[in-house]
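Hi,

Here's the structure I promised to send over.

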Amino acid sequence: GNQHQHHDLPITMAKRGMSAEEKKIKMKEIFIESKDVLTLKEVEKVASKQKGINAMIVKDVLQQTVDDGMVVTDKIGISNYYWSFPSQELHVRKVKLAKLSEDVESTKRKRDAFQEQAKALSKGREVSADREEKMKRLSELQSQNDKLKTELQQYADSDPDFIKSLQEASDVAQEAANRWTDNVFTIRQHVCNGRNVPQDEFNKAFEIPENFDK
């Protein structure tokens, strides 16, 4: 088809009209037709004489076919030799395919990780929504605990059983307060780390006292 038309054109136009892709295909033809191992000099001769590739750029085009895996090169002694056999290209394609499958897998893994992160972040936002409620509950528990301690002092020389039951109630309150404290710490850590908020700014914003965890 195309070759016949090229003969009617001046040779310079034919050359100018050849895309990089066409040049690579022509270069590959040299090896398919010769079924041989060639030196750069030999390739240059055939390329410029038979394939209409300017001798000045033969080396570049050849290098492109090597980069694409269409042609193989190896240094033997002081010369570079080039060749291409059909099985060679098949091997290259298999390698390319394996690499692509690997890329697809790794992209999938990345996407899954991002989705996990996104889920975690949106969960973080829900946590922030009921944070105020937790803070309120925490201060209630803390003041309840303080009240119990004061009461306990008043009954210090009173009925031992009564004191024991108060002590137990105080312990339960203390435990609950600790649990809430932990919750607040978890939220604070999530917000400070996840959103780069300095801890003291967080404390200020949500009115957490300095001695909060003492």
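Below is what I found, going from the whole chain down to a single residue.

One thing to keep in mind: this is a predicted model.

Starting with the overall layout, the protein chain has nine helices and three strands. Follow the sequence along and you get the order α-α-α-β-α-α-β-β-α-α-α-α. The chain has 214 residues, and 24% of them are buried. Its accessible surface is about 15,700 Å², with carbon and sulfur atoms accounting for 53% of that. As for contacts between residues at least 6 apart in sequence, 54% link residues at least 24 apart.

Next, the inside. The largest nonpolar core has 15 residues, and the ones touching the most other members are M27, F31, V43, L62, V71 and Y82. Two or more residues come from each of α3 (20–34), α4 (40–50) and α5 (55–67), and α5 is the top contributor with four. There's also a second, separate core of eight residues, with V184, V191, F202 and I208 among them.

Skipping neighbours within four places in sequence, V43 is in contact with M27, I30, F31, L38, V58 and L62. V58 sits in helix α5, and it counts as buried because its relative accessibility is 0%. Beyond residues up to four places away in sequence, V58 touches M27, V43, E44, A47 and I53. If you want a distance to check in your viewer, the C-alpha atoms of V58 and K45 are 9.2 Å apart, with the two residues 13 apart along the chain.

Cheers

Definitions and conventions:
Residues numbered from 1 in each chain as written. Predicted model: local features only at pLDDT ≥ 70, side-chain atom pairs only at ≥ 80, totals over all residues. Heavy atoms only, no water. Core = buried A, V, L, I, M, F, W, Y, C linked by side-chain atoms within 4.5 Å. Buried < 20%, exposed > 50% of the residue type's maximum accessible area, 1.4 Å probe, protein only. Contact = heavy atoms within 4.5 Å. Areas by Shrake-Rupley, 256 points an atom, 1.4 Å probe, with all protein chains shown as cover.
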